Amino acid sequence: MISRTSAEPEAVDTTSTSSVTEVVVPIPQTMTSLVSQVKGLRDRVQATNQDVAELHRRVNAHDLERRTHFKVREDTRQLLDRLAIHYGMSWNQIAQLVGVSPQAVRKWRKGEVATGENRLGVARVAALLDILSDLRIANPAQWLEVPLVPGYTVTSLDIVAARKVDLLLEWADLRIETPERLLDLFDRNWREKYESKYETFVAGDGNLSLRRR
Amino acid sequence: MENLESPSNVASLYLARGEEVDRLRPIMQGDVFEQVTIPGIEQGLGLAAVMTHPCTMRGAGGLLRPKLLMARLVSYAAVPLHRWPFGHYRVFPLPDLRSPDQKESVAIDFEEVGTVRSANLVLDRRVAYLTDYGVTVLQQRLLHHLSRVVVPRADIYAQAAPNFEEADLLHEWLEELVRDPSADEEVLRQTREFDAYLNAGGGELRSHLQDDGKRSTVRKRVRIEIRARAAQL
């Protein structure tokens, strides 16, 4: 407990030299010691916080892989159906996240057998969507495809496609304060890369048109 | 500074080509047909690509408008992908058009254009269609050719996304509900059914397609409807 009395200056030393009066306020030893102790404590908390954050990221990654290996036991077509009907993802989005062409996904839907690597890829997408649901994101597919910052085209899908799922999970779990901070961590040049110079608007015929922002 | 797009690889341009082409895929900007005559262009039958913008190519019932703007494909020396932003502005190169193994070097010529009756486009003569990405690269080059303005491809995509979504969902609808893909009448009937479903209730679903925050809900609802209808077939 901090004692108010001990934190107060004990005396004021007034030294007079010719016409200038210098006032020296002595800092009590107890205060200096306290500042030092609190600083040390803060450094330790910060270091611990960083360690725990890193541990959290590793546990998240492990959770995703564990769920993926459960999911991969399911039929790939069933997984694709779940992503399409339960979550409402587009085939193009699934292809983007797995890292294959839309035509490849179409072939799997028609029954062509995917390679082991691609089956894992589909299972990983399904596992990620489940985790996002568990994090109380009501509509994960929608959450992934909406631009993160107005005026910029970058979405959470871009972050997953860039294989930075750990970052996205931090964002989904509200561990990153703002979308701008998330994007700074994702890509330092995001403002130049993803700036949208035009905006869409509903034109007189009911279709979208573009105009300069 | 904004540049025209430089695709990272040829495959990213094509959704299907050659034997991959599915006749149930709705016609879209960039589709390439063979044996097409374009009135006013003195080359007889040849390869041609649809140039009409996706917003304006369909009318009542979701059916194609009577006439579409088309451009002739011409033989054109292969343009390295990294050179696309810096020249050849009059064309949209279509490398390896029918197959990666068949080195066919052609390009859409933006100055060889005319209107073609959509009834004259035979689905069995479609040789390739583009990905959403490919269509937006085409639009960007066409816009630049006509106006010398470079519009960022991502912005072009934002405008065209509802059309791409609608085409994808119509394709799913037709794949699941058309029993005989070669029966044009059945394809047209199901196209009208799909259009009526999107327009039901004042067109709520169709308007939701314009909102990237609601598209996933439209996909879910359309797919559930497809399942329900397929169960009754």
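**Salt bridges, burial, cores and a cavity**

Author: Let us start with a pair of charged residues: A:Glu170 and A:Arg57 form a salt bridge, with their closest N and O atoms 3.3 Å apart. A word on the basis: this is a predicted model, where local features need pLDDT of at least 70 and side-chain atom pairs count only at pLDDT 80 or more, while totals for chains, interfaces and linings use all residues. Residues are numbered from 1 along each chain as its sequence is written, chains are lettered from A and ligands numbered from 1 in the order in which they are written, and side-chain values use heavy atoms, with hydrogens and water left out.

Reader: How do you know whether A:Glu170 is buried or exposed?

Author: Buried means under 20% relative accessible area, exposed over 50%, and partly exposed in between, with a 1.4 Å probe and protein chains only. A:Glu170 has 9%, so this residue is buried.

Reader: What makes H9(A) mostly covered?

Author: Seven of its eight residues are buried. They are A:Val165, A:Leu167, A:Leu168, A:Leu169, A:Glu170, A:Trp171 and A:Ala172. These buried residues pack against H2, H6, H7, helix H8 (156-161) and helix H10 (179-186) of chain A. Just after H9(A), A:Leu174 takes a positive phi of about 60°.

Reader: Why do the side chains of A:Lys71 and A:Glu74 count as meeting in a salt bridge?

Author: Their N-to-O distance is 3.9 Å, and the cut-off is within 4 Å, so this pair qualifies as well. A:Lys71 is buried at 11%, and A:Glu74 is partly exposed at 31%.

Reader: Which chains does the pair of B:Arg219 and A:Glu145 cross between?

Author: The side chains of B:Arg219 and A:Glu145 meet in a salt bridge at 3.0 Å, N to O. The pair runs from helix H4 (residues 215-232) of chain B to helix H7 (residues 140-145) of chain A. B:Arg219 has a relative accessible area of 0%, so this Arg is buried, and A:Glu145 counts as buried at 9%.

Reader: What is B:Arg219 in contact with?

Author: Contact means heavy atoms within 4.5 Å. Leaving aside neighbours within four places in sequence, the contacts of B:Arg219 include A:Gly88, A:Met89, A:Glu145 and B:Glu165.

Reader: Which residues touch the most other members of the largest nonpolar core?

Author: A nonpolar core is a set of buried Ala, Val, Leu, Ile, Met, Phe, Trp, Tyr and Cys residues joined through side-chain atoms within 4.5 Å. Of the 48 residues in the largest one, A:Leu83, A:Met89, A:Trp108 and A:Leu183 touch the most other members. The largest share, nine residues, comes from helix H6 (residues 116-134) of chain A. Apart from this core lies another, of 30 residues, among them B:Met28 and B:Phe110.

Reader: How many nonpolar, polar and charged residues does the lining of the largest cavity have?

Author: The lining has six nonpolar, one polar and three charged residues. Ala, Val, Leu, Ile, Met, Phe, Trp, Tyr, Cys and Pro count as nonpolar, Asp, Glu, Lys and Arg as charged, and the others, Gly among them, as polar. Among the lining residues, B:Pro26 and B:Met28 are named alongside B:Arg25 and B:Thr131.

Reader: What makes that space a cavity?

Author: On a 1 Å grid over the protein atoms alone, a cavity is a set of points where a 1.4 Å probe fits but cannot get out, and lining residues have an atom within 4 Å of a point. A search of the whole structure finds one cavity of 30 Å³ or more. About 50 Å³ of space lies in the largest cavity, where grid points are joined across faces, edges and corners, and the volume is the space filled by probe spheres set on the points.

Conventions
Helix = DSSP H or I, 4+ residues; strand = E, 2+ residues; numbered from the N terminus. 1 Å grid on protein atoms, 1.4 Å probe; cavity = no way out; pocket = protein on both sides within 12 Å on 5 of 7 lines; lining within 4 Å.
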